[in-house]
Amino acid sequence: MNNNGNSAIENKIVYSAFEKGFYPFFNALPQDVPVGWMIPFLFIIEDIQFLIYIISPFIYPKLRDYFIKVFIIFNPDIDNSLYFYIFITFLSIFILYMYFMMFSHFKSNGRKSMSKKSLWIYNSLYNIFFKYLLSYVYCFYARSIYLCNFADSIKGIPKCKTPFSYIIIGISVVELIFITAYSLIYSNFNFNTNCLSHSMYCGTMHKANCNAVLFVKLILAVLINLVTYILDDHNLNTHSILIISEIILFLSFFYLFTVQLKYQPYYSIQVNNYRFGAYFTLSIFSLYNLIIIITNINTFQIVCDISPFLIPILFIVGYNYNNYYNKKIVQRIYKKLYEKKLVSNLHKSTSINELKFNPKRLKNNNIYNSLERITKEVYIKKEIKVYNNVFECEIACRFLRKNRTIEAYLLAKELLNEGISQFNNDANVYLIAWYYLFSMKKFYKENNLLQKYDPELFNGDQILISVMEHKLDFRKKYLIHKALNHLEIEKRENSTNVTTSDIEKSIKMEELKLNAVKIHVQGLQEIKELFHKLKSSTNSKDIVLYSSNISQISKIQKLGNSHYANLLRIIPEANDVIKVYLMFLKDILNDDELVIKYTNMIQKKDENYPIKGSKSNDIDNTIQKTKSISSSNSFGSMPFSEFSTSSGLGKELKKKIHTRNSMIRNFVSPIKNLQFRIMSFVFIFILFYAIQVLCILVIFNYSQKKAENLNLNINIPGAIKESTFSVRMLSYDLMLNDYSTYWQHFFSLKGTLVYMDLVNFGLINEIMGDIKTESSLVIPVGEYAFDSYEQGTLADSYKRYISNLKYCANREMLKENETVFDILYEPHFKYFILNSKSNFDSVFDSSKEILSNSILSAFNILRIIVIIIAIILICINFFMAYITFVPLKRATNKIMHSSFRMFRHFSKSDFEQIITEYDEKIETLCETFEIDENFNNTKSKRKTKSYTKIKVIFTFIIIIIYVLFLLVPVINISNQTRDIIALIQKSIDICIILFRYLNKKI
């Protein structure tokens, strides 16, 4: 195809930003990866992963262990937290790397690229983990979502409804979506367009039409590893869950094998047979499982032993059936084509006009001598359709992969023309036809056979032009884009003697150069449109209408400068790029210093290394034209001669630079001051936010420690009651010398004493050492002495209590010379008798409130701090908006008014002259680089007014909502803590009431 044809097609296609960004990335990816010999094994591994759905202990409870080990080899059963964290970290890093690479290409419009080796490694890893092991990965993520329910049996896994468990669930769901999204894009862009490729395992171009396998893998993984567990938790009958699962499995695999049978999506018939056999086996076996589950015979040992052996039998049946079906398709196509040609020849030999108007001519053609032919041939009114669907056109031409003679090529071309005739409204058939013709042409060229035949025999120009008349989705546009790249490489190979890799690099450079020039032209168009508005403006308020143009020009300045700078980094010696860049610096960026720098640079290069060639001459002519049409009123008014070092800086240039510096001082400096203010307020905002977070962490840590102590000391009032009761009962046993209940009360007292002494004693000393008791305890002195009352610290009272308790626990039975009065008036026992009624309650009940009150007071303080800081943050937010963004808006408006007031002295003729000059500049650039001037029309029509103010307000609202949202969990946790502590205290009170009741009973 000639260059004009390529340009015509390119101009007809409108690429979206998505397509422009991703096409270079997927063009760079290798098509045949990983290593060819690995793919059969990866195919088998991919399909073995489906076996966990049809053979499992849930379906066959008595299945032999060795069968289970084989069939669940790729079952991601998460029973180790280390494996879980390592694998999810690896997948997370790789997903981030995947999207980083893709979006870096998208952002740079293909300027950034990896080496071929890096691309091969990247694409191989993707294919292994997210294509051939995708079922395993999907099952892993589906199980991760529900993993917290197994936290009791897996050490290191967070329990459900904890913040960390929510993080794991969120990561799993997000990464599941990201993998699916990327896989959808990948399957629509990465396929083998070389129809004669030696790789028998590669999918055809129309494989991208079917994402059925991807969705089936996702649905089954979520169904079996997540939904079934949820249904089981909701007490749904296990038998019903199995039936529902098997119905979905049967329908999913049935859909897969029907799609495989219809499309035959691999070039190799053996691979198609294998794929169909696998999906056929899975589908029929799922139906078999459904039957045995409904009839409840799946629990029989003989069924569990025989069932696995049905899998290879079903696979063999499926493999052979697909082979038979494929051959029948080809035979039917050739038979229909033969019948159609026969009928077509009959129509040609006996046309209606000859029968009606010229019977003598029939005699001349000796038609009466062909009686046998006439009696046997049948005139068919109904049109014969050779193909049942568009994909059969490609299936019928696969014989070219083995037989590449010119006769085979002509037959394939006839088959493809028949497909175009039958499916003329489907763009797929045109693309299939073009790629088969081009693949054959490339093969003949590589083997020096092309010169033997007419070049028109391999010409697919008309096919590629015809496809443009159809509705094109992003995949079809990509195929056309790839076809145009092939044609461009072919054209350059014919005109030069360089290699294909060099041509690909030069094409990439041309694309980058063309993108830069398009941005350049777009900037000139924006400036021209701005002068149009200035020309028609009659009111100073019209300045609002110019903001969109100014914003767009600013973006173009940055983007265009980035494109040109990137080009000069790649090819620093390219004078043609420097010359066009000079025009950009002068007309768009208005940077005089850079213009001087590059002007001097190009003058030295032209003196030392004069450039020859048509393209360089075209650019020189372009510069001469732009110089001749420059005006003192335009944005690029200074001619190049004034920038040379030989002539020096003229008065005009000095004046221009002085004016610009003055404008920077007057207008830009205040904006920089406002920028400093904004950064200061942002720093203060972050500082207060960090203080808030720090306070939350400190108080939560403090509360956690207090809660741990509370958990240990919450038993003190109850333990006091229990131990006092045990001492009283023990005293009765001692006085009565009753051994029947003595040991029961002794061991009860010992058990309580050990806990109170070893656990509670140290904590009370540490925490309650300085707290005074509210009541006094009776301290017995002896039988005849007066008892004293003592009020000390809670720790001292507890020490005395423990020491008396130890004595009582170690008291032996009464000796022969002892009486009951030795127990009744003994100070240690009397201590418990006198204080047991109410004194112990008055003194030790406060211990249950000290820690809980400290926790509640900490949360009250936290609540106050968080609310105060939230108010401060909101005030900072409003204050920042008021003293920075409002003045910034005024400053920008002032700059706009002051800048555009300079044009008030321009007459309409001046504006028309400037607009004409920009029109000529645009036209000159478009002619030089063969760009359609209207390439940007669709974008300009869709321009909308700027929503900057709404975006800023919306941003502030989001910040305020976020600040307020932070209050919710703190207040919620505070309320929950208060409720829990109140519940604990009520439980202790109930315990105390029960002991009091028991004491009264006794």
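A disulfide is here a pair of cysteine sulfur atoms within 2.5 Å. The structure is a predicted model, in which local features need pLDDT of at least 70 and side-chain atom pairs count only at pLDDT 80 or more, while totals for chains, interfaces and linings use all residues. Residues are numbered from 1 along each chain as its sequence is written, and side-chain values use heavy atoms, with hydrogens and water left out.

Q: What makes Cys-148 and Cys-160 a disulfide?
A: Their sulfur atoms are 2.1 Å apart, and the rule asks for a pair within 2.5 Å, so the label applies. A search of the whole structure finds one disulfide.

Q: Why is the disulfide of Cys-148 and Cys-160 called right-handed?
A: The torsion about the S-S bond is about 85°, and the disulfide is therefore right-handed.

Q: Which parts does the pair Cys-148 and Cys-160 tie together?
A: Both Cys-148 and Cys-160 lie in the loop between helix 8 (134-146) and helix 9 (163-189), so the pair ties together parts that are twelve residues apart in sequence. Helices (H or I, at least four residues) and strands (E, at least two) are DSSP runs, numbered from the N terminus.

Q: Is Cys-148 buried or exposed?
A: Buried means under 20% relative accessible area, exposed over 50%, and partly exposed in between (1.4 Å probe, protein chains only). Cys-148 has a relative accessible area of 13%, and therefore counts as buried, whereas Cys-160, at 29%, counts as partly exposed.

Q: Why are Cys-304 and Cys-808 called buried?
A: Cys-304 has 0% relative accessibility, so it falls on the buried side of the rule, and Cys-808 likewise has a relative accessible area of 0% and is buried.

Q: How do you know whether Ser-135 is buried or exposed?
A: Ser-135, whose place is in helix 8, has 1% relative accessibility and therefore counts as buried. Leaving aside neighbours within four places in sequence, Ser-135 is in contact (heavy atoms within 4.5 Å) with Gln-49, Phe-50 and Lys-217.

Q: Is Ser-118 buried, exposed or partly exposed?
A: Ser-118, in helix 7 (residues 116-132), has a relative accessible area of 30%, so it is partly exposed. The C-alpha atoms of Ser-118 and Leu-29 are separated by 9.9 Å, although the two are 89 residues apart along the chain.

Q: Which residues form the nonpolar patch on the surface?
A: Val-820, Phe-821, Leu-824, Tyr-825, Ile-833 and Leu-834 form it, with about 440 Å² of accessible area together. Helix 32 (821-824) and helix 33 (827-835) each supply at least two of the patch residues.

Q: How exposed is Phe-821?
A: Phe-821, in helix 32, has a relative accessible area of 45%, so it is partly exposed.

Q: Where in the protein is confidence lowest, and where highest?
A: The confidence score, pLDDT, runs from 0 to 100 for each residue. Its mean is lowest in helix 15 (residues 352-357), at 47, and highest in helix 12 (residues 269-294), at 92. The protein averages a pLDDT of 75, and 76% of the residues score at least 70.

Key. pLDDT = per-residue confidence, 0-100. Patch = residues over 30% accessible without salt bridge, like charges linked within 9 Å, V, L, I, M, F, W, Y side chains within 5 Å. Areas by Shrake-Rupley, 256 points an atom, 1.4 Å probe, with all protein chains shown as cover. Salt bridge = Lys/Arg side-chain N within 4 Å of Asp/Glu carboxyl O.
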